[in-house]
Amino acid sequence: MTTQQLTRRTLLGATMALGATATLPALAQNKVVLRISTPAGPEDWHGKMWTVFKESLDKSAPGEFDVQINLNGSLFKQGTEPAAMARGNLELAAISAQDIAKILPEYSIFTAGYLIRDPDHQQKVFNGPIGAEMYKAVAEKMDVQILGIGYLGSRQVNLREVRNVKTPADLKGVKLRMPGSKEWLFLGEALGATPTPLAFGEVYLGLKTGTVDGQDNPLPSVRAAKFYEVTKQIVLTSHLTDGIFIAISSKSYNAMNAAQKQKVNAATQAAIAFNNDNRVKEEAQLVDFFKKEGLQVSTPDVEAFRKTVQAAYQNSDYAKVWPKGLVDRINAVK
Ligand code: KDO
């Protein structure tokens, strides 16, 4: 073997070895990391939907994405996700209209009780021109892209002790737990109660120990978080058709190529469909379940609640910044 041959062989060997060691970490490094943070628990549909999201990407783009699901607010506290996304510490979250309204005040229109009628109306409003306009504003002001809206459910009042609740006046003095922002607290006040801020993860204990007299959430969440174990009544106020916006940080989204974006969008739609189908189906069955669990399920004078809550919003400072004509446009979506 000549010196030249030896050198070539050595070089080749070295290149191959380097190639082998360089390729593996490079592949891992090149994965698009998607850290997800949500207050949802593993038993709730919008917690489980992230597994659907992950599985969809594992199938459509094997090895391309590293999806990390963090449930129960374990990575970021409820409501702090938009700030974490803006700082580049988080890629994906399911955020509420109340979270967005803190930064984009006109979004408070979607925090108003008795505006969005039902899941179908919700999808039509947000998947049409109104959604496109509002999502554009979010992208411009918050550096996050909204990829779609999932149905959280119709929020109901859930009490520790049985009470005769027909109108908002009957909730006077009731310490009603609400998520901890002024947009949420306003809803509790509009319902006639005394709103008390508490993070979702602390509600079970708050109800058990009596720190609060009640809470409001859609029935599937009352089931998944087991609030029915520590409460005696559900009052079917149906005061807010609630939704969660699936949001991704613009930095992360813009760094993807077109094919990756398309796959992330498809995975989001699969997750939303899974959540919505299961939630709608379960929501219709849960009154029976709670009755069997020994809870009293009562129907109040919903029109009285509607009138009071709508008036509270219309006369509030929130309404002053709502885009002109938007309430009518939302109502006109059929
Ligand atoms: C809640 O804290 O009551 C709430 O329902 C508010 C929603 O916006 C959403 O954050 C939800 O909790 C969590 O995803 C837990 O279900």
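Modeller: Ala, Val, Leu, Ile, Met, Phe, Trp, Tyr, Cys and Pro count as nonpolar, Asp, Glu, Lys and Arg as charged, and the others, Gly among them, as polar. By these classes, the lining of the second largest pocket divides into 10 nonpolar, six polar and four charged residues. The structure is a predicted model, in which local features need pLDDT of at least 70, side-chain atom pairs count only at pLDDT 80 or more, and totals for chains, interfaces and linings use all residues. Residues are numbered from 1 along each chain as its sequence is written, and side-chain values use heavy atoms, with hydrogens and water left out.

Biologist: What makes a space a pocket, and what a cavity?

Modeller: On a 1 Å grid over the protein atoms alone, a cavity is a set of points where a 1.4 Å probe fits but cannot get out, whereas a pocket is an open set with protein on both sides within 12 Å along at least five of seven lines; lining residues have an atom within 4 Å of a point. The second largest pocket has a volume of about 320 Å³, and P39, G41, N72, F200 and G201 lie nearest its centre among its 20 lining residues.

Biologist: How many cavities of 30 Å³ or more does the structure hold?

Modeller: The structure holds one. The largest cavity contains about 80 Å³ of space, and its lining includes A97, F110, D242 and F245. Two elements, α5 (119–126) and β8 (233–249), each give two or more residues to that lining. The strand β8 gives the most, with five residues. By class, the lining of the largest cavity has seven nonpolar residues, three polar and one charged.

Biologist: Where is the ligand?

Modeller: The ligand takes up the space of the largest pocket. A molecule sits in a pocket if more than half of its atoms lie within 2 Å of the grid points, which means that the ligand meets this condition. The largest pocket holds about 460 Å³ of space. Its lining has 28 residues, with P39, Q78, S96, P179 and W184 nearest its centre. Elements giving two or more residues to this lining are β3 (92–95), α4 (97–103), β4 (144–159) and β8.

Biologist: Which residues surround the ligand?

Modeller: Among them are A40, H46, L152, R155, R177 and N217; a residue is near a molecule if one of its heavy atoms lies within 4 Å of it. The shell around the ligand has six nonpolar, four polar and two charged residues.

How values were computed. Points joined across faces, edges and corners; volume = space filled by probe spheres on them. Helix = DSSP H or I, 4+ residues; strand = E, 2+ residues; numbered from the N terminus.
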